[in-house]
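Hi everyone, thanks for coming. Could you bring up the sequence and the structure on your screens before I start?

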Amino acid sequence: MSSIPSLESLHAIGAAQQPRYPDRARLDAAVARLRGAPPLVFAGECDDLTEKLAAVSRGEAFLLQGGDCAETFDGVTADNVRNKLRVLLQMAVILTYAGSVPVVKVGRLAGQYAKPRSSDDETRVVDGESVTLPAYRGDAVNGFDFTPESRIPDPQRLVEVYHASAATLNLVRAFVTGGYADLRQVHTWNTDFVKESPVGQRYEVMASEIDRALSFMSAIGADPEELRRVDFHSSHEALLMEYEHAMTRIDSRTQQPYNVSGHFVWIGERTRQLDGAHVEYFRHLRNPIGVKLGPTATADDALALAAKLNPENTPGRLTFITRFGAEKIRDGLPRLVEKVTAEGVQVAWVCDPMHGNTFTSSTGYKTRRFDDVVGEVQGFFDVHRALGTWPGGILVEMTGDDVTECIGGGEELDEHGLAHRYESVVDPRLNRVQSLELAFLVAEMLRAADTRRG
Ligand SMILES: O=C[C@H](O)[C@H](O)COP(=O)(O)O
Ligand SMILES: C=C(OP(=O)(O)O)C(=O)O
């Protein structure tokens, strides 16, 4: 397990969902730049997250993982990063306080720039004519603008991903250790449009209770350091072989390979082939890793992936992120969980309630219903409760802004409202109000799950 397969050998296997770069020399130059770039994360931090995810797999903690579907270079601004972090902190407090469970906090950020697509092409009507161009594959690959030039894969973008991720992570680290994430700030995270909403007011009540508890602790002389900062980790789908391979290094402490572009990396639903290049690459890493499992995944697929990716059955090393869709989860998930559990495989189970619930609205927007998102999470909790296993966490696509991308929620956004502020470049995200609403609902589910565990 201590070597990294060569990039050539991975490409020889045939990696799915890779861009076709027209200029090999430019690609080689970008990869060389990345190979010489300092790590974005440290191996010891990855090990720390593995420990935390081991607690999730034992049923002692809950994972909150969230962020944009696709980060963009334009989105690397102080406001954007702070807003996203703020709603994640709010969600984490809701889950911890109302759900009474330790929460492992992981951002889907500082690296989430590459997207697998269903189709290689996109067709639009431009000036009355049908035009087909290569699909947008994330800012890591090509431009979102619908022009032939913009859609050409540009390897220099890989270097830009590195710098954008470094800037984001730097700011996040400053926020989480420099006072912004201090629990005494619990009220100040609840500002602007959210504060007046019903969920914002519910949050205010909870924040006041937390304030009282903090004052009590302070009065009795207890002032733990843990209240002043939070542990926060980064994650992304490790999709592009050139980037991920160049950011894989041998850790000087352990002589083991780590992907140093993010703490947690996952394999997507479209690239989890057992004999594929992604699985081959991931099996060498020592980071905590995830694999998406959609409705076509069989229990034997899950077992074979676990055997290959985590042969030592190390707790916390492997997370299965299921994304069946609200309609299919109650039928599809039990067979996976039953067999994996019966075989003694150590895994954290996490629910992605987004990717099985996407559809195109009558107004032409890619969207999701808030009720389907909640329905899938509820199905996830119900299945685990019935099997006596632990619903270990959620992975959500969300933003800290007031966007209009998912239908429903307390603000009752409908199909016609989507046009108002639809900003995602790929899949629809929960806005801040919807994210907080989801957190309160999941906290209730967690409380019910905990009561049943006794
Ligand atoms: O975010 C996930 C995928 O990249 C996305 O769902 C693919 O979307 P597409 O079906 O529009 O290509
Ligand atoms: C592409 C994604 O999901 P999936 O692989 O489950 O489709 C994603 O999470 O961005």
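I'll talk about the ligand surroundings, then some helix packing.

First, some housekeeping. This is a predicted model, where local features need pLDDT of at least 70, side-chain atom pairs count only at pLDDT 80 or more, and totals for chains, interfaces and linings use all residues. Residues are numbered from 1 along each chain as its sequence is written, while chains are lettered from A and ligands numbered from 1 in the order in which they are written.

So, which residues does UniProt list for "binding site"? The unreviewed entry there gives Cys-69, His-355, Glu-397 and Asp-427; UniProt positions are in the numbering used here, feature names are shortened, and annotations may be inferred rather than shown by experiment. These residues span 359 residues in sequence, yet no two of their C-alpha atoms are more than 10.0 Å apart, so they gather at one spot.

Now the ligands. Around ligand 1 we find Cys-69, Lys-115, Pro-116, Arg-117, Ser-118, His-355, Val-426 and Asp-427, where "around" is about being near, with a C-beta atom, placed from the backbone, within 6 Å. That shell has three nonpolar, two polar and three charged residues. For these classes, Ala, Val, Leu, Ile, Met, Phe, Trp, Tyr, Cys and Pro count as nonpolar, Asp, Glu, Lys and Arg as charged, and the others, Gly among them, as polar.

On to the helices. Two packed helices are described by the angle between their axes and the distance between the axes. Axes here are lines fitted to C-alpha atoms, for helices over the stretch in contact, and angles run from 0 to 180 degrees between N-to-C directions.

Take helix 2 (residues 24–35) and helix 5 (residues 156–177): their axes come within 8 Å and cross at roughly 20°. That makes helix 2 roughly parallel to helix 5; angles under 35 degrees count as roughly parallel, over 145 as roughly antiparallel, 65 to 115 as roughly perpendicular and the rest as oblique. Arg-26, Ala-30, Arg-33 and Leu-34 of helix 2 meet Gln-156, Leu-158, Val-159 and Tyr-162 of helix 5, contact being C-beta atoms, placed from the backbone, within 7 Å. By class, five of these contact residues are nonpolar, one is polar and two are charged.

Next, helix 10 (residues 299–309) and helix 11 (residues 329–342) have axes that come within 8 Å and cross at roughly 45°. Helix 10 is therefore oblique to helix 11. Ala-299, Ala-302, Leu-303 and Ala-306 of helix 10 touch Arg-335, Leu-336, Lys-339 and Val-340 of helix 11. This contact has six nonpolar, no polar and two charged residues.

Finally, helix 11 also packs with helix 12 (residues 370–387), at about 40° with the axes 9 Å apart. That makes helix 11 oblique to helix 12.

Key: Helices (H or I, at least four residues) and strands (E, at least two) are DSSP runs, numbered from the N terminus. Two residues are in contact if their C-beta atoms, placed from the backbone, lie within 7 Å.
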